[in-house]
Amino acid sequence: MFNYIIKRFKKIVIRILALMFFLIGLLMIFLYLNYRLNDEYQNPNDIYTYVENNKTNRYLNEKNNEFLKENAIWSIRLDKNGRVIESFNKPDEVKEQFDLTDVARFSRFYLADYPVFTYIIEEGLLIFAYPKHSLDKFPFNYYNYNNLIFNFGLVVLFLFLFLLFVYLLYRVDIKEIINNILPFQRAIDKLFEADFEKLDEEGELKELAFAINEANEKYNNLKESQSKWIRGVSHDVRTPLAKISWELNKESKLDMNIENIQDQVLKISNILEGLNLTMSLANIDKEGFEYENPLKVIRKLIVDKLNENPNREIVFENELTNKNLKIKMDANLFYRMLENILKNALIYTQGKIRVILSDADNRLRISILDEGPGLSEQMIEKINREDLTNITRHGLGIFISKQIVELHDGNLLIENKTSGLEVSFIFEYMN
């Protein structure tokens, strides 16, 4: 979830930066075009060049005055003492005599609020004045007033568009985030409900979807295990408890069979231990499983059982064609899975026990075949349905083995043969 938020945040930031650079570039283009295409007022240098080229004995002659009139410019010429000796359309508020301070001021800024431009000629100055509010003068340059207002509005417009697009991106991303998260919220609300809908494990939130689905699966497994545990306890502990109660209700303590009571207590303990194991197996995390060759575990099991039962015959038949096969497994659980079946065969049957390993089509098959009477079809069906009712009469071992093989993504196959019972574990393996 945190990674998803970081990714979404990065995407939003990248979009905003891309939008910002795009709008800034567009703004610069507009400003440049506005500067290049605006020809309402001619450049002061062009005005001076024209007047200089067309002067006679007077700078402000008839031809130059006509040119200045066309460009809405008035002009004055000062001698070295600051007196006006020539003029064209000079406003009344403009003085006829200027001192050095006046010259310094209007050369840098304005003359009577008119933007003016000063040029040195012979022994005096030639001054061109543009209309008020036509150009802005700065200490370093001049700028068209109307252009300034227009460009300021353009900057404001682009800023508004930037904020608008950022808001729209925000709304789109937030809506997308909400649409992506909403199914997860509904799934979490119904995580422990029967109508939980499995999330699609794709897209940017696939890890979160997988975690929620896995949590629901674990909950259902736990719930199912609890139900089986309760059914197992209610049916299978009843008989030992009844026997203990019967012994305790005898009138004379001398008549009590203490050994029978101890046997029944031990039976209850074994039942509870087995049922607790079935519940814990439903919640084991397979992340710790590693790819291993099961041959070593099988050999160790056979050696251990032969040492415990020196008078029994256990035949190991290794028919593997791929000696390097591996399956993802937990060695201790794998040992327990096989031990339960082998131990049942040793306890409840007589004769030879065969342990057969074979492989075909990338499948490993481990079969344990005894020479006993086998199991009833009703009991096999109960095991396949994972029904614990009265199954403890024959031991929980086979049911626990079924859980372990399924935990290893394998299958358990129970078949009655003419020679006895065959229990097979089938796994897919990697080379």
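The model is a predicted one. Its open sheet is built from five strands in the order β2-β1-β5-β4-β3, with antiparallel pairing, and 17 salt bridges are counted in the structure.

**The sheet and its hairpins**

- The edges of the sheet are formed by β2 (84-88) and β3 (110-111), each of which pairs on one side only.
- Strand β4 (residues 114-121) pairs with β3 in the antiparallel sense over two bridges, in which Leu111 has Tyr114 as its bridge partner and Tyr110 stands opposite Pro115.
- Two residues lie between the strands in the hairpin of β3 and β4, where Ala112 takes a positive phi near 55°.
- β4 and β5 run antiparallel and are joined by six bridges, and the bridge partner of Ile120 in β5 is Leu125.
- The hairpin of β4 and β5 also has two residues between the strands, and there Glu122 takes a positive phi near 45°.
- Helix α2 (residues 44-53) packs on the sheet, where it touches β4 and β5 (124-129), and its direction makes about 45° with that of β4.
- Because six of its eight residues are buried, β4 is largely enclosed by the rest of the structure.

**Salt bridges**

- Asp79 forms a salt bridge with Arg83, with the closest N and O atoms 3.4 Å apart; Asp79 counts as buried at 16% relative accessibility, whereas Arg83 counts as partly exposed at 44%.
- Glu339 and Lys305 form a salt bridge in which the closest N and O atoms are 2.9 Å apart, and this pair links distant parts of the chain, with Glu339 in helix α10 (residues 331-348) and Lys305 in helix α9 (residues 295-308), 34 residues apart.
- Both Glu339 and Lys305 are buried.
- Glu428 forms a salt bridge with Arg363, the closest N and O atoms lying 3.6 Å apart, and the pair links strand β14 (residues 420-428), which holds Glu428, to strand β12 (residues 363-369), which holds Arg363, across 65 residues.
- In this pair Glu428 is exposed, with a relative accessible area of 57%, while Arg363 is partly exposed, with a relative accessible area of 42%.

**Nonpolar surface patch**

- Leu157, Phe160, Leu164, Phe165, Tyr167, Leu168 and Tyr170 make a nonpolar surface patch of about 680 Å².
- Tyr170, one of these residues, is found in helix α5 (residues 145-189) and is partly exposed, with a relative accessible area of 45%.

Conventions. Residues are numbered from 1 along each chain as its sequence is written. This is a predicted model: local features need pLDDT of at least 70, side-chain atom pairs count only at pLDDT 80 or more; totals for chains, interfaces and linings use all residues. Side-chain values use heavy atoms; hydrogens and water are left out. Patches are made of residues with over 30% relative accessible area and no salt bridge: like charges are joined within 9 Å, nonpolar side chains (Val, Leu, Ile, Met, Phe, Trp, Tyr) within 5 Å. Accessible areas come from the Shrake-Rupley method with a 1.4 Å probe; for residues, only the protein chains shown count as cover. A salt bridge is a side-chain nitrogen of Lys or Arg within 4 Å of a carboxyl oxygen of Asp or Glu. Helices (H or I, at least four residues) and strands (E, at least two) are DSSP runs, numbered from the N terminus. Buried means under 20% relative accessible area, exposed over 50%, partly exposed in between (1.4 Å probe, protein chains only). Two strands pair if DSSP finds at least two bridges between them. Contact means heavy atoms within 4.5 Å. Axes are lines fitted to C-alpha atoms, for helices over the stretch in contact, and angles run from 0 to 180 degrees between N-to-C directions.
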